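Subject: Structure handover

Hello,

Please find the structure below, followed by notes on what was found in it.

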Amino acid sequence: MKDFTLNIYKQLLQILISKNYIFFTVEEYFKLYVSKSPNRPFILMRHDVDRKPNNSLRMAKLENELGVKATYYFRTIPKTFKPEIIKEIAELGHEIGYHYENLCEIGDKVKGKSEKEIYKLALEDFIENLAILRQIVPIKNIAMHGRPTSKWDSRLLWNKYNYKKYGILSEPYFDIDFNKVFYITDAGRSWNNERVNLRDKVESKFNFTFNHTENIIQALNQDKLPNKIMINIHPEHWADSQTEWYKIWVIRKAKNTVKKLIIRNKI
Ligand SMILES: [Zn+2]
């Protein structure tokens with residue numbers, strides 16, 4: 001069976017529901033779970049909307065049909081920032097967050113400035129984009145978008161500044177303890193592929209290897225997975241038609257080869 005199809009995603013959601021996991025948005029997690037600490041197993045279904053926002057809308061509709069809530073972190077680059085889609089996803093009961101990349105954006109673009117000035121410009125860029133998103137929907141949470149080709153790490157902005165000053169509750173990398181919450185991601189269209197996930201890594205004591213979504217479904221069936229999980233799924237990798245599936249597969253393969261070369265040259 002082909003992986004990364006909406007059909008398999010539906011099966012994954014169904015097994016999570018049948019195993020009695022409750023789906024929290026990130027905002028709910030910080031407002032309800034952390035303060036009230038129920039013991040029920042939970043899923044933080046997180047989607048990083050890097051590109052192809054229509055794929056996100058499709059996924060959001062499927063989740064809504066199954067009564068599942070997720071958090072969609074949107075980039076604000078023109079091909080991803082589509083206000084109508086953002087609004088529609090929010091109206092389906094999902095949370096919208098900001099997938100920021102300001103330090104990469106400014107650092108890669110601006111030449112001849114000091115590091116201090118670049119950080120200042122990056123913060124201004126962050127504030128501006130946050131305000132633009134907030135004209136469409138309330139934004140309470142942010143998550144970094146990693147650019148594998150950039151020498152900048154956008155998270156480092158928060159060594160100098162504090163996002164909580166801007167009405168932000170969380171950035172998962174800093175506010176979620178991944179030794180307590182098991183984190184899995186499909187970045188690079190393969191599950192937890194450390195060689196490909198240049199920046200999308202978290203420190204964690206959990207050690208599971210999944211080659212296919214089916215392996216996750218099996219592990220859930222056998223009650224082998226922890227009861228607190230964040231799943232980070234990039235909807236752009238998931239297709240529901242044959243042609244689109246192969247198109248994504250070919251592009252991913254080429255991109256992963258390029259990323260591996262970048263990593264090899266860094267080591
Ligand atoms: Zn991203």
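Helices α1 and α9 cross in a left-handed way; a crossing is left-handed if the near helix is turned anticlockwise from the far one by less than a right angle, and right-handed if clockwise. This is a predicted model, in which local features need pLDDT of at least 70 and side-chain atom pairs count only at pLDDT 80 or more, while totals for chains, interfaces and linings use all residues. Residues are numbered from 1 along each chain as its sequence is written, and side-chain values use heavy atoms, with hydrogens and water left out.

Helices (H or I, at least four residues) and strands (E, at least two) are DSSP runs, numbered from the N terminus. The axes of α1 (residues 6–18) and α9 (residues 213–221) come within 10 Å and cross at roughly 15 degrees. Axes here are lines fitted to C-alpha atoms, for helices over the stretch in contact, and angles run from 0 to 180 degrees between N-to-C directions. That angle makes α1 roughly parallel to α9; the class covers angles under 35 degrees, while over 145 is roughly antiparallel, 65 to 115 roughly perpendicular and the rest oblique.

Which residues meet there? From α1 they are Ile8, Gln11, Leu12, Ile15 and Leu16, and from α9 Thr213, Ile216, Ile217, Leu220 and Asn221, where contact means heavy atoms within 4.5 Å. By class, the contact of α1 with α9 has 7 nonpolar, 3 polar and no charged residues. Ala, Val, Leu, Ile, Met, Phe, Trp, Tyr, Cys and Pro count as nonpolar, Asp, Glu, Lys and Arg as charged, and the others, Gly among them, as polar.

On the α5 side the contact is made by Asn102, Leu103, Glu105, Ile106 and Gly107, and on the α6 side by Ile118, Tyr119, Leu121, Ala122, Asp125, Phe126 and Asn129. The residues of the contact of α5 with α6 divide into 7 nonpolar, 3 polar and 2 charged.

The buried residues of α5 are Asn102, Leu103, Cys104, Ile106 and Gly107. Buried means under 20% relative accessible area, exposed over 50%, and partly exposed in between (1.4 Å probe, protein chains only). Their cover includes β4 (95–100), α6 and α7.

**Aromatic rings**

Rings of Phe, Tyr and Trp (its six-membered ring) pair if their centres lie within 6.5 Å; planes under 30 degrees apart count as stacked, over 60 as edge-to-face and the rest as tilted. The count comes to 16 aromatic pairs. Phe126 and Tyr166 form an edge-to-face pair, with 6.2 Å centre to centre and 70 degrees between the planes. Phe126 lies in α6 and Tyr166 in the loop between α7 (157–160) and α8 (172–175), so the pair ties together parts that are 40 residues apart in sequence. Phe126 is buried, at 0% relative accessible area.

Ring pairs link Tyr98, Tyr100, Phe126, Trp158, Tyr163, Tyr166 and Phe174 into a cluster. Tyr163 sits in the loop between α7 and α8 and is buried at 6% relative accessibility.

**Two positive phi angles**

Asn20, in the loop between α1 and β1 (22–24), has a positive phi of about 70 degrees although it is not a glycine. Asn20 is partly exposed, at 43%. Asp223 is not a glycine either and has a positive phi of about 55 degrees; Asp223 is exposed, at 57%.

Regards
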